[in-house]
Amino acid sequence: MMLSAGNGVPSFTPRVVLELASDTKEEAITWLLSRIRDTQYNGGTELLVEQLGPGADAQEKENPNMFLVGATWQRLLSGAEDLGLFKEFNDGSMRAFTCANKYNFKDFKGDGDSFLSTAECQYIIKHELDTLRAKDETHVPGLSRVKLYPGKSVIRRLLSKGILIQVFPLHEKEELKRLSFAWYKKVKLSFQPLEDIRHYYGEGQALYFGFLEYFTFALVPMALIGVPYYLFDWEDYDKYVIFASFNLVWCTVILELWKRCSSSLAYRWGTLSRKKAFEEPRPGFHGVLGFNPVTGRQEPLYPNAKRQLRVYLVSLPFVLLCLYLSLYVMMIYFLMEGWALSVHDAEPTFWTGILCFIPSVLYAVVIEIMNLIYRYAAEFLTEWENHRLESSYQNHLVLKVLVDMVLLRQSLATLLITSQILNQLMEAFLPYWLQRRRNKKMVRKIHKGKTLEDQELPLANQVRLEADMSTYLGTFDDYLELFLLFGYVSLFSCVYPLAAVLVVLNNITEVYSDAFKMCRVFKRPFSDPAANIGVWQLAFEAMSVIAVVTNCSLIGMSPQVKAYFPDSDMQLILWTVAIEHGLLAFKFILTFLIPDVPKHIQINLSRLEFESREALKKKKILEASEVTKAAQ
């Protein structure tokens, strides 16, 4: 939507919003805006920025320091070249975009005003803002307490000091309506609109929903096999072993095939072969000012030995203590369940039958509370460890959370159903209800009796409404939930064959609830140009290895197997360990036999690398010939 000048709206398409603290000094605001508007040659970003006007029925408590940021199409295209965005070439291959060859790219027409997706445009602007660096200023003008260091990111510094409250991309109302209608507003059995999701939210978000869809379809064979196993003679030993063996092969095959699927998606979206930019320090990273030996810039330095001491002397003991507490709670749950079963066996009635389910429901509620507390503690400890890079911070946080979550979720049908109902309420419907209350207050100020869907709000009100929406914190919690569900199926399908059926039903509702919260509950997140699901792939693979050990142990402990070794427990253990090692070997052979990247994509990537090398050779030869001519 191109907005014209006049009536308090900017003359450019606003894509990103900057919100500064309401008490920020005017001198600091003027300096920041001038740095953003300044040319790249002078160290600026060369972006367009204007202050947001007051909303309808403006209140005194409204923050006046909100600014709209945009860019000309030429600036966006040069930013795409700087970032190395891959786009489809006329020959069908994926190549890094360059302005010099722009007309050789498939979808480039006219001035290129529809060449980049809205998510890509917002990502480019965010990147340009993040790379706005301090020059010779020692502090922010008007704010002597906020020190600046040459070469350091200005935006990250302002965020860490609380001067800049938030930076977020704006929703595009018409495009969001089309996406919502195709995604979740019609209940239908069809694939998700991954291309539209990628276009609006970026590759990272599209990969998550692609994995959710893939995982759901991959569960169908397990669900179809699990139903007859549950309904008919489940105690038969041969069927038990067959189901466990199928479970182990299934875990390995679906994860290996997902690698191929994600590689195909990443290649089509241009993120598979894209060079990862040099990772800047996290905004919360602190230390003694020094010089980075790679960039030569001044930045905080923190001894790695000190960080390791914090990890191993504080964080690790804390995680182990939490593991002990989780095991203790689990033992209490087993005792309660045993007591309830004994009461039911002594005098079976309708009410004692209900009593048998109460321990699992209570346990589900307790562990959800424990998980919440532990998650906050894990985030605090990971922040305190002071990791320099965001990727390192995320990896340590994932490790802490997964170690405890796996033990806390040791339960079956009742716990699975209860925990998923709680998750759906907490992650989608509660935030939506709170957000809808705020929306109604805003709408009543403008047009009494109309809802947000019925009324197109003025730009100023729409921006302030989005500023008050909940912030989407990334796919961490979403992947964590899928990881736990994968654990239910891979670890406990032998004990409870309907686990896959319940997870399929959960995932179907998860698709709609996640789509709903992305479109209606949260601010629009910035695009994450991901090529895969990252550290979560390793987490799922580690779970599949644990599943081998768990399923072999379950088989070994079954009465039918013990009957084959009536006189020697040691022989039983040795056979169980031998079978487990054999299955692990088979699993790793499967991993080796199934390539991560499809053959045709490998060929295309190799061809692109060959052409790049040939072009570099020609360039060097041309430069050498020019030098020779100049010397003559």
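E46 sits in the loop that connects helix α1 (26–37) to strand β2 (48–51), and that's a handy place to start looking around this predicted model. Zooming out, the protein has 20 helices and 10 strands. Of its 632 residues, 49% count as buried.

- E46 isn't a glycine, yet its phi is positive, at near 60°.
- E46 counts as partly exposed, because its relative accessibility is 36%.
- N386 is another non-glycine residue with a positive phi, this one near 65°.
- You'll find N386 in the loop between α11 (358–384) and α12 (390–408).
- Is N386 buried or exposed? N386 is buried, because its relative accessibility is 0%.

**A four-stranded sheet**

- Which strands make up the open sheet, and in what order? There are 4 of them, in the order β2-β3-β1-β8, and their pairing is antiparallel.
- β2 and β8 (164–169) are the edge strands: each has a single partner strand, so one side of each has no neighbour in the sheet.
- On average, neighbouring strands of this sheet are turned by 20° against each other, if you ignore direction.
- In general, the strands of a sheet pair through backbone hydrogen bonds, in either a parallel or an antiparallel way.

**Strand β1 and its partners**

- β1 (residues 16–20) pairs with β3 (residues 66–70) over 4 bridges, in the antiparallel sense.
- Across that pairing, V17 stands opposite L68 of β3, and E19 stands opposite M66 of β3.
- β1 also runs antiparallel to β8, and 5 bridges join the two strands.
- One of the meeting points with β8 is V16, whose bridge partner there is P169.
- How many residues of β1 are buried? The count is 5 of 5, so the strand is mostly covered.
- Take a look at which way the β1 residues point: V16, L18 and L20 go one way, V17 and E19 go the other way, and all are buried.
- Helix α3 (residues 118–130) lies across β1, β3 and β8, and runs at about 40° to β1.

**Salt bridges**

- Searching the whole structure turns up 16 salt bridges.
- K177 and E174 form one of them, with their closest N and O atoms 3.9 Å apart.
- K177 and E174 are 3 residues apart in helix α5 (residues 173–183), so about one helical turn separates them.
- K177 is partly exposed, at 40% relative accessibility, and E174 is partly exposed too, with a relative accessible area of 44%.
- E541 and K259 form another salt bridge, and here the closest N and O atoms are 2.9 Å apart.
- This pair ties together distant parts of the chain: E541 belongs to helix α17 (residues 535–557) and K259 to helix α8 (residues 237–269), and the two are 282 residues apart.
- K259 counts as buried, because its relative accessible area is 15%.
- K517 and D514 also meet through their side chains in a salt bridge, at 3.3 Å from N to O.
- Like the α5 pair, K517 and D514 are separated by about one helical turn, because they are 3 residues apart in helix α16 (residues 499–520).
- Are K517 and D514 buried or exposed? Both of them are buried.

**The whole protein: contacts and surface**

- Look at the contacts with a separation of 6 or more: 72% of them are between residues 24 or more positions apart.
- The accessible surface of the protein comes to about 32100 Å², and 64% of that belongs to carbon and sulfur atoms.

**How confident is the prediction?**

- The average pLDDT of the protein is 80, and 83% of the residues score at least 70.
- Over residues 407–415 the pLDDT is below 50, though the model gives this stretch 39 contacts beyond near neighbours in sequence.
- Residues 445–454 also have a pLDDT under 50, and the model has 18 contacts for them beyond four places in sequence.
- Where pLDDT is low, predicted coordinates should not be read in detail.

Note on methods: Residues numbered from 1 in each chain as written. Heavy atoms only, no water. Buried < 20%, exposed > 50% of the residue type's maximum accessible area, 1.4 Å probe, protein only. pLDDT = per-residue confidence, 0-100. Contact = heavy atoms within 4.5 Å. Pairing = 2+ DSSP bridges. Axes fitted to C-alpha atoms, helices over the stretch in contact; angles between N-to-C directions. Areas by Shrake-Rupley, 256 points an atom, 1.4 Å probe, with all protein chains shown as cover. Salt bridge = Lys/Arg side-chain N within 4 Å of Asp/Glu carboxyl O.
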